[in-house]
Amino acid sequence: QVQLVESGGGLVQAGDSLRLSCATSRRTAVGWFRQALQKEREFVAGISWTGDSTEYAESVKGRFTVSIDNSDFSVALQMNNLKPEDAAVYYCATSRSALSIPTSLAKAAHWGRGTQVTVSS
């Protein structure tokens, strides 16, 4: 079973940037999800195990970038121009299918414990 550990969360102001990292025990397709207070967990971005394909939620397109570090297989989520509505606990997850990006809760298999992102206006 692959292990996932998120890091990089924190408190920032609107317009700032933050870089999250998902440490994985092996190379695999990974999705980033987030859950704001009293809201459903939602897909944010994901990347295939090869790193050749990415997916983004409409709300973050043009602001967030997901990438794989080939040296240790960690998956980064670069978040620019953060908005108060981006505040949430961010989770990374593997896919039930190694060949596809987990773009929904149903497609996700294993989860990390999450990292908190707070954005002040």
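Student: In β11, which residue is the bridge partner of alanine 88?
Tutor: The model is a predicted one. β9 spans residues 88–95, and β9 pairs with β11 in the antiparallel sense over 3 bridges. In β11, the bridge partner of alanine 88 is valine 117.

Student: Which residues form the covered face of β11?
Tutor: In a regular strand the side chains alternate between the two faces of the sheet. In β11, the uncovered face consists of Gln116, Thr118 and Ser120. The covered face consists of Thr115, Val117 and Val119.

Student: Which residues touch the most other members of the largest nonpolar core?
Tutor: In soluble globular proteins, nonpolar side chains tend to be buried together. Here the largest nonpolar core has 25 residues. Elements that give two or more residues to this core include β4 (30–35), β8 (75–79) and β9 (88–95). The members that touch the most others are Trp32, Leu77, Met79 and Tyr90.

Student: Which residues does tyrosine 90 touch, not counting residues up to four places away in sequence?
Tutor: Tyrosine 90 is one of the core members that touch the most others. Among the residues it touches are Trp32, Leu77 and Met79. With these included, tyrosine 90 touches Glu6, Leu20, Trp32, Phe33, Arg34, Val44, Phe64, Leu77, Met79, Gly114, Thr115 and Val117.

Student: Does serine 74 count as buried or exposed?
Tutor: Serine 74 lies in the loop between β7 and β8. Leaving aside neighbours within four places in sequence, serine 74 is in contact with residues including Ser21, Cys22 and Ile68. Buried means under 20% relative accessible area. Because its relative accessibility is 10%, serine 74 counts as buried.

Student: With which side chain does the side chain of serine 74 make a polar contact?
Tutor: The contact has a distance of 2.8 Å and links two side chains. The partner of serine 74 is aspartate 72.

Student: How far apart in space are lysine 83 and serine 17, C-alpha to C-alpha?
Tutor: Lysine 83 is in the loop between β8 and β9, and it is partly exposed, with a relative accessible area of 32%. Leaving aside neighbours within four places in sequence, lysine 83 is in contact with Arg63 and Val119. Lysine 83 and serine 17 are 66 residues apart in sequence, and their C-alpha to C-alpha distance is 9.8 Å.

Definitions and conventions: Residues numbered from 1 in each chain as written. Predicted model: local features only at pLDDT ≥ 70, side-chain atom pairs only at ≥ 80, totals over all residues. Heavy atoms only, no water. Core = buried A, V, L, I, M, F, W, Y, C linked by side-chain atoms within 4.5 Å. Buried < 20%, exposed > 50% of the residue type's maximum accessible area, 1.4 Å probe, protein only. Helix = DSSP H or I, 4+ residues; strand = E, 2+ residues; numbered from the N terminus. Contact = heavy atoms within 4.5 Å. Polar contact = N/O pair within 3.5 Å; in protein donor to acceptor, adjacent residues only side chain to side chain. Pairing = 2+ DSSP bridges.
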